[in-house]
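Dear colleague,

Please find the structure below for your records.

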Amino acid sequence: GDYYDVLVIGGGTGGITMAARMRRKLGSSGKVAVMEPSEMHYYQPMWTLVGAGAKRFGQSGRSTASVIPSGVRWLQERVGTFEPEQNRVRTVSGAQINYKYLIVAMGIQLNYEQVRGLPEAFEEAGIGSNYSGLYVDKTWRALQDFREGNAIFTLPNTPIKCAGAPQKIMYLADDYMRKTGKRDKANFHFCTSLAVMFGVKKYADVLAKIAAKRNIAVNFRHNLVEVRADRREAVFEKLDQPGETVTLEYNLLHVTPPMGPVNVLKGSAVADAAGWVDVDKGTLQHKRYPNVFGIGDCTNIPTSKTAAAIAAQSAVLDKTISRVMKGKAILHAYDGYTSCPLVTSYKTCVLAEFDFNGQPLETFPFDQGKERRTMYHLKADVMPPLYWHGLLKGLWGGPGIYRKMMHLGFK
Ligand code: FAD
Ligand code: UQ1
C-alpha cells in the first residue's frame, strides 16, 4: 500500500490545521496526506448566525480541495479500520495506507435518529437545527414563518460540540422576534438535559440572568426523546423522574441532536471504552501507541469541544510531534483552553474562555462576563478570516500568548 510520513484522518478543523503544520515541518511535498471523504469543508461556527439569518449558508463553506495545503496529498476516502500495531489503516474500499505518524481528527457524530421521529420531522415546517448543514437553513425559515405559540430550544443528554450553541440561537430568536413584533405572542422554552445553564459558574450565572430578563422559561433535566411533526409535539423525558415525560406543543423547535464518537472509532484499537480517541490530555499523544495522536472533537480530552480548543491543541500537538520525531521527552503543555462566544443578540456576545478546571482564562483585560458589542464583532467578523487564513494555515495557536501580553500590560 501507499506510505506517508504523516497520515491525518479527517479534513475538518483539526485535520487541515495539523496537515498545514506538518507540511511546514517536513518540507518537501508528498510526505503528508489527509484522508477526507467530503467535497466541502465548512466553518461550522458560522451556522449559529446562518440559522438566525445574519449570514448565508454559502458563506460558511469552501471546497475541500481549496483547503488542503499545497504539497499535501488528499485521499478522498473513508477510513474503515485502524491497525496501529502495523502502523497502517484500511479504507472502507479495502486499500491499505501505511504511516510513520498518525493524527486522528475525525470529529463527533450527529445522531439525530436517536430521537424518535427524527430526522424525518425536518421535512415539516417549524423545525430546524443549526448543527447540520442540511437543516440550518430550516431554522431561519422557521423563525421567519413563526406567528405565535411555543418556541422550544433543546440540549441533549450526551457530550456535544460547542455547548453554548443551543442557547445562542435562542437569544438570537428572541431578538429577532422583538424586532419583528412577534415576541409578545411567543413563549420561549429552553429544555436542557443539564442541571445548569453552562459548565462554568461565572458564565452560567450571566446566562441565567439573561434568560430571566428575556422572559425565557428554563426547564432543566429535560431531554428530547420524540418529535411528532404531524401534531407539532415535542416529547421530553424528565431525567430526574425516570419514566415521566412532558409533551409540549411547538410552533418553532430548534433541535440540538444527541452526539457521540463516529462509528468506526467505536471498538477500534485507538479508542477508549466509550469510542473516543484515547490520548494524554497534556500532550495529545495516544496512551498506548506513541506514534499516534489525536486532536479535537474525536478525542477524550476533558474540555469543551470547540474550534478554539483545537487552535490551542494544534500548537501543543505540533511541539509534541516535533519532540517525538527528535526522540526528546515531551512536555505536558495543554491546559484545556477552550472558548465559546455566547452570542446573546444580533449585536452582543459574552466571550467565555476557560481551562480544564472550569476556571475563566480570559484574553482581554476587561470582564468578558458582560454582553459586549466588541465581542459580537469578534465572533461575526474577525473569527471567519482568522479561521480560514490563520487556523487552517497552521498559523493560529490560540490567544494564549496575547492573553499573557495584555495582562502584563494592564495589570
Ligand atoms: P470536524 O471539523 O467536524 O471534522 C471531522 C472530519 O472527519 C469531517 O470532515 C469528516 O468528514 C471526517 N471524517 C469522519 N469520518 C471519517 C472517516 N471514516 N474517514 C475519514 N474522515 C472522516 N467552535 C468554536 O470554537 N467557536 C464557536 O463559536 C463554535 N460554534 C459552533 C456552532 C455550531 C452550530 C457548531 C456545529 C459547531 C461550533 N463550534 C464552535 C465547534 C467547532 O465547529 C468544532 O469543534 C470543530 O469544527 C471540530 O473540529 P474537528 O476537526 O474535531 O471535527
Ligand atoms: C478561536 O481561536 C477560534 O478558533 C479560530 C474560535 O473558533 C471560531 C473562536 O470562536 C474563538 C473565540 C477563538 C479564540 C480567539 C480569540 C481572539 C479570543
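**Strand pairing, helix packing and salt bridges**

Strands β10 and β17 (residues 252–254) pair in the parallel sense, over 2 bridges. Please note that the model is a predicted one. Within this pairing, I127 has L253 of β17 as its bridge partner. Both strands belong to an open sheet of 5 strands, ordered β10-β17-β11-β12-β13, with parallel pairing. Its edge strands, β10 (127–128) and β13 (216–219), each pair on one side only.

Turning to the helices, α1 (residues 13–26) and α7 (residues 307–326) have axes that come within 10 Å and cross at roughly 35°. The crossing of α1 and α7 is right-handed. By class, their contact comprises 9 nonpolar, 5 polar and 3 charged residues. Residues of α1 in this contact include M18, R21 and K25, while those of α7 include L317, D318 and I321.

The side chains of D318 and K25 also form a salt bridge, at 2.5 Å from N to O. Because D318 lies in helix α7 and K25 in helix α1, the pair ties together parts that are 293 residues apart in sequence. D318 counts as buried, at 14% relative accessibility, whereas K25 counts as partly exposed, at 31%.

The whole structure contains 22 salt bridges. E83 forms one with R88, with the closest N and O atoms 2.5 Å apart, and both of these residues are buried. E83 also meets R90 in a salt bridge (2.7 Å, N to O); R90 is partly exposed, with a relative accessible area of 25%. Finally, a network of salt bridges links R116, E226, R228, R231 and E233.

With kind regards

Methods. Residues are numbered from 1 along each chain as its sequence is written. Chains are lettered from A and ligands numbered from 1 in the order in which they are written. This is a predicted model: local features need pLDDT of at least 70, side-chain atom pairs count only at pLDDT 80 or more; totals for chains, interfaces and linings use all residues. Side-chain values use heavy atoms; hydrogens and water are left out. Two strands pair if DSSP finds at least two bridges between them. Helices (H or I, at least four residues) and strands (E, at least two) are DSSP runs, numbered from the N terminus. Axes are lines fitted to C-alpha atoms, for helices over the stretch in contact, and angles run from 0 to 180 degrees between N-to-C directions. A crossing is left-handed if the near helix is turned anticlockwise from the far one by less than a right angle, and right-handed if clockwise. Contact means heavy atoms within 4.5 Å. Ala, Val, Leu, Ile, Met, Phe, Trp, Tyr, Cys and Pro count as nonpolar, Asp, Glu, Lys and Arg as charged, and the others, Gly among them, as polar. A salt bridge is a side-chain nitrogen of Lys or Arg within 4 Å of a carboxyl oxygen of Asp or Glu. Buried means under 20% relative accessible area, exposed over 50%, partly exposed in between (1.4 Å probe, protein chains only).
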